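Where does the ligand sit in this protein, and what surrounds it?

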Amino acid sequence: MIIAVDGPTASGKGTIAMALAAHFSLPHLDTGLLYRAVGLQCALNGGNPDDPQDALTACDFPDHLIADPELRSEATGGLASRVSVHPEVRAALYDLQRVFATQPGGAVLDGRDIGTVIAPEAEVKLFITASVPARAQRRYDEMRAAGRPVSLAEIAADLEARDARDSSRAAAPLIAAPDALVLDTSTAGREEAIAEAIRAVELLLQ
Ligand code: C5P
């Protein structure tokens, strides 16, 4: 069984994907980490994330980069959003995601285009969303807890810029698959959102 979990930044999709993977005993891939690694590697190379060739060169990042704490920063999220517009980059990361999705026994993947491009045949497609203020507050709390100084207004502006870039790009834009179930987590707490997602998947599988 493939479970595709898509949605914008800080919508709760990562938390929900991880919880679904644990509940259904499936392996989980956070595909945002791959784009973040490409963005960070591009910066480390001194490249320009808006240049398709520099971004493609950065797809050849070392495995250990996936564990680098810098990968989780807002700055790296912005770089990821810029390298991810290039079809060359998306093509270079396709096989790895596709192999993970189609492994025997199934998998949970979260990202932006799992239900539309990586695994359009997924048995379960969820599109997790939430309002910008709710997402900004969540990201602000996460960053503060991680000891990263940030302002709420800056985070909200960054989220809106990233949403606009992710939704308007030509290659695999952020969009709910027509057969995805949309869950809005704006007013739900963590446990409530997880419980609702598990319930939704169980209903879809009946
Ligand atoms: O989900 P996360 O915030 O870690 O993703 C960082 C960026 O990577 C997103 O803003 C998006 O531009 C890009 N991304 C993507 N396709 C995916 C996952 C992430 O384009 N499947």
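This is a predicted model. Begin with the ligand: 16 residues surround it, and the closest are R36, R90, R112, D166 and R169. Two nonpolar, six polar and eight charged residues make up this shell.

Now look at individual atoms. The side chain of D166 places an N or O atom 2.6 Å from an oxygen atom of the ligand. For K13, an N or O atom of the side chain is 3.2 Å from a ligand oxygen. R169 brings a polar side-chain atom to 2.9 Å from an oxygen atom of the ligand. How much of the ligand does the protein bury? Taken alone, the ligand exposes 460 Å², and the protein buries 97% of that.

Next, the elements behind the shell. α2 (32-44), α4 (74-83) and α8 (152-168) are the ones that give two or more residues to it. Of the elements, α2 gives the most, with three residues.

Step back to the pocket. The ligand takes up space that is the largest pocket. This pocket has a volume of about 1100 Å³. Its lining counts 42 residues, and A10, K13, G14, R139 and E142 lie nearest the centre.

By type, the lining divides into twelve nonpolar, 14 polar and 16 charged residues.

Definitions and conventions: Residues numbered from 1 in each chain as written. Predicted model: local features only at pLDDT ≥ 70, side-chain atom pairs only at ≥ 80, totals over all residues. Heavy atoms only, no water. Near = heavy atom within 4 Å. Polar contact = N/O pair within 3.5 Å; in protein donor to acceptor, adjacent residues only side chain to side chain. Areas by Shrake-Rupley, 256 points an atom, 1.4 Å probe, with all protein chains shown as cover. 1 Å grid on protein atoms, 1.4 Å probe; cavity = no way out; pocket = protein on both sides within 12 Å on 5 of 7 lines; lining within 4 Å. Sits in = over half its atoms within 2 Å of the grid points. Helix = DSSP H or I, 4+ residues; strand = E, 2+ residues; numbered from the N terminus. Nonpolar A, V, L, I, M, F, W, Y, C, P; charged D, E, K, R; others polar. Points joined across faces, edges and corners; volume = space filled by probe spheres on them.
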